[in-house]
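Subject: Structure for your review

Dear colleague,

Please find below the structure that I am handing over to you. My findings follow it, arranged by topic.

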Amino acid sequence: MANTPPTRIGKVVGASLIGTTIEWYDFFLYGSAAALVFNKLFFPTHDELTGTLLAFLTYAVGFVARPLGGLVFGHYGDRLGRKRLLVISLLMMGGATFLIGLLPTYATLGVAAPLLLTLLRLVQGFALGGEWGGAVLLVSEHGHPRNRGFWASWPQAGAPGGNLIATGVLALLAAVQPDDAFLAWGWRIAFLLSGVLVLIGLWIRLTVAESPVFQEALERQEAAPQAPILGVLRHHWRDVLVAMGARMAENVSYYVITAFVLVYGTTAAGLPKGTVLNAVLIGSAIHFVTIPLWGALSDRLGRRPVYLIGAAGVGLWAFAFFPLIDTKNFALVTVAVTVGLVLHGAMYGPQAAFFSELFATRMRYSGVSIGYQLASIVAGGVAPLIAVALLDAYGSSVPVSVYVVAAAILTMIAVIASRETRDRDLSAIEPTSGAAQAAAIAKEA
């Protein structure tokens, strides 16, 4: 496997991190706006909680489109390469987000407004479905395997990075504007800003070289299946199930902590939206820093032990999370969000390397994308919706905590049933054993 120079791997990591941060900014911005704005502007004929449920339903639609995006981008990414597909995904995501910022509301267009909003959300989901696999593979397939968990975790940090920027922009706009101005036009600024961010990300992403592992596979004339996804389902179906199971606690807990908390905090707990937004802002900043640390730890201990720490941790923390929110104390609300996100990072940090190590090179983009994105439908996509419905039905946070625990148990079962992948050779036609990888490393040394 190629040993990429530090300067080059740093450039690849930087390009992937900036690109994923921008795309997650676009995606999370919608989730925050669904909780704070869209329920009033696009579903104004319903009571507040019902309007929020409908807004989160359009939010979930983006997750439904993600597996389709993963299939399409994975197909061409396995056949044509990682880089060019990442450029396309960035343009699609940024364009859809920019258009949301220009979209007339229900008061102007009537029912056409939420329909157009849903359509643009579908485009967002489709683009993000192709983004994640390409970004993490571009980094995973560069550099030395000893540090793969650390380097591959940096694109993962784009998720809290994007959430940090999205929440920060909304919190700033909400702080400097009265509520009526924010609802009338202020929220649009955050969406229109995406156009500028995309141009920056596009310029950086175009300067990055193609994955050396993919290039080596081409030079060996290693053929990709006509339909890579069929190869994945034939040779790697167990690995797809492992990836899906591993995503359950990670995805559910993240959207409960960052999206549903905006609803719970401002309605059930009666907190000002600025208080909750600032807590998420601080938690996301710490989350951003700790994800690479968890990735580095997985290089030492293995992917499975670190992942299990995170799954068990978020399951236990779910019962402390809401009581801390209920205190209405800003410091304790911030602790609730921050600890939850740090524990989430123990899963999210090793995840990119873990999933990349499950699949063969010419099926890897399709494999990681479909495993990752299919889980998004049944996990993150409906997590805020289910959490709001449980709160509405029972008037208590306890069922929501039980929901997170159930997801944590599923993830622990999947990870325990999997094999340790830390020592896999990504350049092999099929992932090889740790002994072969160790021999390759010793030869290089």
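Which residues touch the most other members of the largest nonpolar core? They are F38, F260 and F355, in a core of 132 residues. The greatest contribution to this core comes from helix α1 (residues 6-41), which supplies 19 residues. Please bear in mind throughout that the model is predicted.

For F260, the contacts beyond its neighbours within four places in sequence are Y255, F322, P384, A387, V388, L391 and V400.

Is Q124 buried or exposed? Its relative accessible area is 0%, so Q124 counts as buried, the cut-off being under 20%. When residues up to four places away in sequence are not counted, Q124 touches D26, F27, Y30, M93, A96, T97 and I100.

I turn next to the salt bridges. The whole structure contains 7 of them. In one, R148 pairs with E357, and the closest N and O atoms are 2.8 Å apart. This pair connects distant parts of the chain: R148 sits in helix α6 (residues 148-176), E357 is in the loop between α13 and α14 (361-378), and 209 residues separate the two. Both R148 and E357 are buried.

E357 also forms a salt bridge with R303, with an N to O distance of 2.7 Å. Because E357 lies in the loop between α13 and α14 while R303 lies in helix α12, this pair ties together parts that are 54 residues apart in sequence. R303 is buried, as is E357.

A further salt bridge joins the side chains of R422 and D423, at 4.0 Å from N to O. R422 has a relative accessibility of 23% and therefore counts as partly exposed; D423, at 37%, is likewise partly exposed. Through shared partners, salt bridges unite R148, D299, R303 and E357 in one network.

One backbone feature remains. K328 is not a glycine, yet its phi is positive, at about 65°. Where is K328 placed? It occupies the loop between α12 (303-326) and α13 (330-356). K328 counts as exposed because its relative accessibility is 52%, the cut-off for that class being over 50%.

With kind regards

Methods. Residues are numbered from 1 along each chain as its sequence is written. This is a predicted model: local features need pLDDT of at least 70, side-chain atom pairs count only at pLDDT 80 or more; totals for chains, interfaces and linings use all residues. Side-chain values use heavy atoms; hydrogens and water are left out. A nonpolar core is a set of buried Ala, Val, Leu, Ile, Met, Phe, Trp, Tyr and Cys residues joined through side-chain atoms within 4.5 Å. Buried means under 20% relative accessible area, exposed over 50%, partly exposed in between (1.4 Å probe, protein chains only). Helices (H or I, at least four residues) and strands (E, at least two) are DSSP runs, numbered from the N terminus. Contact means heavy atoms within 4.5 Å.
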